[in-house]
Amino acid sequence: MATIGILAVQGAFREHADVLRSLGSDCFEIRNARDLGRPMDGLVLPGGESTVQGKLITDLGMGDALRSMIRDGLPVFGTCAGMILLAERIDDGHVAHLATMPIAVRRNAYGRQLGSFSATGSFGPLDGVPLEFIRAPVIESVGDGVHVLTEHGGHTVAARYGNQLVTSFHPELTGDTRVHRYFLDMVSGRRTAAGN
Amino acid sequence: MMESNRRYGLNKELAQMLKGGVIMDVTTPEQAGIAEDAGACAVMALERIPADIRAAGGVSRMSDPGMIRGIQDAVSIPVMAKCRIGHFVEAQILQAIDIDYIDESEVLSPADDVHHIDKTAFDVPFVCGARDLGEALRRVAEGASMIRTKGEPGTGDVIQAVSHMRALNAGISGLRSVRDDEVYEYAKDLRVPLDLAVYVHENGRLPVVNFAAGGIATPADAALMMQLGADGVFVGSGIFKSGDPARRAEAIVTAVSNYDDASILAEVSTGLGEAMVGINRDEIESIGNIRMAERGQ
């Protein structure tokens, strides 16, 4: 059984835990540097406000540890704010946070809450995936080695770069567990490759 | 316009994204910037914070849309604004300026002593105050997609926030524990729709996110409300009525993220300077001031 650490300093972390537990994973919350000492097979960076999460990651002394865990190959799944935390560049001039994934993102790309919307689309080989956009960011450009998984309305809204998976939308809110299963496959792939 | 229950779902989901966060009252773009930099997950734009509304007296209304726009331009996080209870035209105006959340708030003078706003008629989400389970579910029935316990705004005294959170929790566990065939009578007593009472009976929680508000002034106050079960906190007068707003705001944000870690709470509570002076529950009446929490039941 995979053990997933979920960043829980702010945002919709419980929703990810509910989905991952329903798929048979163990989950624990990461609130401070001490929690990073626990062994984990995968990491989730949930939705919320990226400005808040990014500041708390730094203030609570977690930034360097998270960055090196991700660079060392720990599978990570960032939704919405989590995607912004992983991006190398943020287009509104905000300083990048973990900056481990070669993508540029634009925050609040659809405007304020009245611009939030639901749609369906494909995610890699999967069709009819519900896409829930809440004051969502989009991916403006991708670097070498980034594989686009979802395009919607002319924007890139899901992508993978090796061990890093990001979505602008919120699969944890829809009841459709296929995106989380895709992430758990990434997790078990690494576990197999590492021989544990 | 999107199908209305899908829109309601998206509005409840925005509240889910705010969880574990601190929503701060701000009166100027400069304060909004301080709040965002300190880690606020949203700001509440208003011309006067509750402590000053108390001091000024008179009728308190929706803020000037120009002032709210100035704050929208200053920050990238969600911006909320208050309208008077029952004043659906103020709400229409706030929706027209693309506000992220409307607070139908007892902090302002009520415009209607019987009816709250029919919030189902709007695309923009609403948060409403509540002192117990009945008030909370009546507001949800009217279309609120987020609840906050009322507390007593502008006092810096946490006692009412605690009392309302405990009352709400007691109501939920009471409804949770009754027999299935007793839920109908319970719903009648609470004056709430049966389907919402059934939801609480089956799930043991409100169908929407619930923040604590009204009188929170220190990191310890904020952590107290979190340990009592709040999903996050509103801090109104407590920040910009204190000696060092930026530091206090940061400390409250960290306290909410690690609300059950006493050593982190001790660290962030250290050397914050002067907290807002405040006004306690008994003094409110002796100086002839108003109890805002009793507005809009």
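A residue is taken as buried when its relative accessible area is under 20%. By this criterion, both Phe117(A) and Phe133(A) are buried in the predicted model; for Phe133(A), the relative accessible area is 1%. The rings of these two residues form a stacked aromatic pair, with centres 4.6 Å apart and an angle of 15° between the planes. Because Phe117(A) belongs to strand S7 and Phe133(A) to strand S8 of chain A, the pair ties together parts that are 16 residues apart in sequence.

Eight aromatic pairs are present over all chains. One of them joins Tyr110(A) and Phe133(A) in a tilted arrangement, 5.5 Å centre to centre and with 55° between the planes. This pair links distant parts of the chain, 23 residues apart: Tyr110(A) is in the loop between strands S6 (101–106) and S7 (117–123), and Phe133(A) is in strand S8 (residues 126–133). Tyr110(A) is partly exposed, at 23% relative accessible area. Together with Phe169(A), the residues Tyr110(A), Phe117(A) and Phe133(A) form one aromatic cluster. Elsewhere in chain A, the charged end of Arg38(A) sits over the ring of Phe28(A), at 4.2 Å from the ring centre.

Gln164(A), in strand S12 (residues 164–167) of chain A, is likewise buried, with a relative accessible area of 4%. Beyond its neighbours within four places in sequence, Gln164(A) has contacts that include Ile70(A), Val76(A), Leu86(A) and Met186(A).

In chain B, Phe88(B), Val89(B) and Ile93(B) make a nonpolar surface patch of about 240 Å². Phe88(B) is located in helix H5 (residues 88–96) and is partly exposed, with a relative accessibility of 47%.

Notes
Residues are numbered from 1 along each chain as its sequence is written. Chains are lettered from A and ligands numbered from 1 in the order in which they are written. This is a predicted model: local features need pLDDT of at least 70, side-chain atom pairs count only at pLDDT 80 or more; totals for chains, interfaces and linings use all residues. Side-chain values use heavy atoms; hydrogens and water are left out. Patches are made of residues with over 30% relative accessible area and no salt bridge: like charges are joined within 9 Å, nonpolar side chains (Val, Leu, Ile, Met, Phe, Trp, Tyr) within 5 Å. Accessible areas come from the Shrake-Rupley method with a 1.4 Å probe; for residues, only the protein chains shown count as cover. A salt bridge is a side-chain nitrogen of Lys or Arg within 4 Å of a carboxyl oxygen of Asp or Glu. Helices (H or I, at least four residues) and strands (E, at least two) are DSSP runs, numbered from the N terminus. Buried means under 20% relative accessible area, exposed over 50%, partly exposed in between (1.4 Å probe, protein chains only). Contact means heavy atoms within 4.5 Å. Rings of Phe, Tyr and Trp (its six-membered ring) pair if their centres lie within 6.5 Å; planes under 30 degrees apart count as stacked, over 60 as edge-to-face and the rest as tilted. A charge sits over a ring if NZ of Lys or CZ of Arg is within 6 Å of the ring centre and within 35 degrees of the ring normal.
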